[in-house]
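Reader: Please walk me through this model. Give me the general idea each time, then the case here.

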Amino acid sequence: MSELQHTSAATRRDAVIAARDLTKRYGRTSVVDAINFDIAKGEVFGLLGPNGAGKTTTILMLLGLTEISAGRVSVLGFDPARQPLQVKRRVGYLPDAVGFYDHLTAVENLAYAAKLMGLGVAERSRRIAAALTRVRLLDVADKRVATFSRGMRQRLGLAEIIVKRAEIAILDEPTSGLDPQATIEFLDLIRELKAEGVTVLLSSHMLDQVQRVCDRVALFRAGKISIMGSVAELSVKVLGAGFVVEVEADGAGIARRLAAIPGVGNVETLAEDRFRMTADRDVRADAARAVVAANGALRRLSVDEPSLEAIYAHYFQATPPGGVRDAA
Amino acid sequence: MRREGSAFQGVGAVFVKELSDNISSVRMLMLELLIVLTAMAALYEAITALRQNTAEDPFLLLRLFTVSQAPLPSFVAILGFLIPLMAIGLGFDLINSEHNRRTLSRILAQPIYRDALLLGKYLAGLATITISLTALWLLVIGLGLIFLGVPPGGEEIARSLAFLVIAVFYAGVWLSLAMLLSIVFRSPATAALVALGIWLFLTVLWPMLAPAIAQAIVPPDPRFAALGLDTPGTAIWTQLLQRFSPNDLFGEAMLAVLSPTTRTLGPVFLDQIRGAVMGAPLPFGQSVMIAWPQTVGLIACTIVLFVAGYVLFQRQEVRA
């Protein structure tokens with residue numbers, strides 16, 4: 001809890017999105033229930049959670065596309081409910097399973113969106129050509145979108161955000177339904193956006209992908225953010241340790257020596273010559289020294305980065321819905 | 001608190017895109033073919049009838065619109081029947097198709113209000129119909145010139161222009177209805193079926209039901225029946241009920257505007273038309289006065305249906 005507050009206090013200074021007690025109710029059920037989060041400029045923030053956890057609703061509230069029931073949200077200093085045009089001028093949105101006008105070409109689709117953005121003719125064609133080049137769709141620019149694959153449509157959606165020169169890109173389930181190759185390409189594009197200083201907010205239930213691009217994540221569950229932070233922070237919080245190091249070595253008393261390394265939580269002996277230790281930092285160098293000091297033969301030293309999937313599974317299995325609030 | 005910026009930002013872009021979609025669509029081509037072919041048949045019959053009987057008629061051109069030769073109804077009657085079909089054909093999937101194509105949230109994430117999308121789409125639909133009707137109107141006048149050889153007078157042009165304007169509003173009623181249904185129903189097929197159901201009910205069933213209901217409200221008086229007359233109360237109720245149908249309003253307005261001798265649209269007592277020169281045409285202004293209530297009715301109906309759709313659309317959730 002204290003760490004969470006610490007993180008948000010550190011980022012509040014340059015937060016581009018700040019939500020306070022953001023709530024969305026349909027009738028008497030809360031779809032999004034008093035969530036708080038800050039997103040700093042230039043970071044990639046992931047909203048994680050099962051379907052129906054309130055991720056898309058949160059995104060729509062950020063864009064002013066659905067009414068806020070209670071609480072406040074500020075996007076780049078604007079209130080999306082009162083100044084939606086200001087927000088939408090600066091924020092690009094790629095909806096879940098984005099749709100285009102199938103009878104129009106890629107360029108025509110982008111031109112329509114660009115017209116709605118209020119861009120002039122010359123500016124429009126310049127930006128569209130540049131954006132299509134970046135998402136590698138230039139050779140199909142004049143093909144009708146009906147012929148496009150899902151991956152191409154997603155990239156076209158990203159091109160629209162590039163045309164807008166958005167300061168914040170909000171991507172809803174951007175990689176669901178993509179084949180692995182398309183996913184990798186798409187994640188590269190997200191990294192390119194980040195490199196340009198664009199803040200990226202993405203929602204997903206594909207955990208390993210989120211882990212690959214996100215600086216911080218928020219785990220959604222039943223309309224609440226149950227836990228938030230960087231993947232390393234989360235793993236410390238949920239799994240109790242950040243790093244799992246496996247050592248394969250012969251020698252006497254290695255387990256004891258490994259356990260003595262500062263920062264190591266516990267050491268499991270998997271086999272006579274195999275040990276697994278959990279630590280809050282990367283302790284491979286110390287482990288190697290310890291084995292050598294014991295005159296042991298070091299055969300293998302591997303580190304498992306904390307996997308978001310493990311955190312997620314562990315967290316949601318360990319915590320019944322009622323206990324979420326306390327955990328957060 | 002007022003929202004910032006203009007609600008009309010982006011209307012132009014939506015309008016141009018939708019208009020070009022409408023005009024280039026196969027659906028529009030089919031509707032136009034249907035209307036032009038039927039109207040041409042009606043016109044051909046009218047021209048043949050007029051050529052056989054070129055009596056002294058100061059409004060020969062207008063007769064083209066109103067003369068009916070069995071088995072075909074008049075040009076105006078055919079339009080009264082087909083304009084709704086065209087408007088429904090253009091409007092039944094205005095909004096729900098955006099939902100189903102999943103383009104709605106992407107478009108609304110651009111810096112425009114929902115107003116712009118709705119208004120742009122509506123105006124584009126209306127403009128499409130206006131273009132078609134204007135083309136049809138020019139066709140009638142052209143054919144009249146060629147086959148009748150009588151140049152139209154100023155008043156005839158004015159009256160036929162009034163026809164064009166009222167027809168556009170009539171189309172507006174049905175376009176608003178179709179758009180409303182496209183907002184209410186997520187499936188375009190449902191919206192289309194409901195719209196067509198309402199259209200058939202109002203054009204075919206209602207003219208038969210209205211007299212029956214009127215007779216239930218005011219039973220016919222046997223004394224009038226013995227004289228071979230309609231009971232005034234029943235006749236008034238019948239007309240009142242029939243006017244709930246936009247078709248009836250359109251028909252009445254057309255009668256007043258295109259038949260200059262029309263002095264009244266409802267039943268009148270003899271003393272009310274004392275001194276009137278029967279069969280003499282009314283001035284254009286007076287005819288417009290007679291058609292005015294009906295025209296206002298059509299405009300009001302358009303506005304009410306549009307506003308209903310507008311309110312629903314503003315409150316609708318964007319997500320599919």
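**Reading the chains**

Author: Start with chain A. The C-alpha centres of domain 1 of chain A and domain 2 of chain A are 42 Å apart. Domain bounds come from an automatic or database domain assignment. This is a predicted model, where local features need pLDDT of at least 70, side-chain atom pairs count only at pLDDT 80 or more, and totals for chains, interfaces and linings use all residues. Residues are numbered from 1 along each chain as its sequence is written, chains are lettered from A and ligands numbered from 1 in the order in which they are written, and side-chain values use heavy atoms, with hydrogens and water left out.

Reader: Which residues belong to domain 1 and domain 2 of chain A?

Author: Domain 1 covers 2-236. Domain 2 covers 243-305.

Reader: How many helices and strands does chain B have?

Author: Helices (H or I, at least four residues) and strands (E, at least two) are DSSP runs, numbered from the N terminus. Chain B has 13 helices and zero strands. The radius of gyration of chain B is 22 Å, close to the 20 Å from the globule rule for 320 residues, so chain B is as compact as a globular protein of that length. That radius is taken over C-alpha atoms, and the rule is 2.2 Å times the number of residues to the power 0.38.

Reader: What does the C-alpha trace of chain B span along its principal axes?

Author: About 65 × 50 × 40 Å.

Reader: How do I read contacts by sequence separation?

Author: Contact means heavy atoms within 4.5 Å. Take the contacts in chain B with a separation of 6 or more: residues 24 or more positions apart account for 80% of them.

Reader: What percentage of the residues of chain B count as buried?

Author: Buried means under 20% relative accessible area, exposed over 50%, partly exposed in between (1.4 Å probe, protein chains only). Of the 320 residues of chain B, 48% are buried.

Reader: Is Asp21(B) buried or exposed?

Author: Asp21(B) is found in helix 1 (residues 11-24) of chain B. Its relative accessibility is 13%, so Asp21(B) counts as buried. Leaving out residues up to four places away in sequence, Asp21(B) touches His103(A) and Leu104(A).

Reader: Where does Leu205(B) lie?

Author: In helix 9 (residues 188-217) of chain B. Leu205(B) has a relative accessible area of 41%, so it is partly exposed. Now compare sequence and space. Leu205(B) and Ile129(B) are 76 residues apart in sequence, and 26 Å apart in space, C-alpha to C-alpha.
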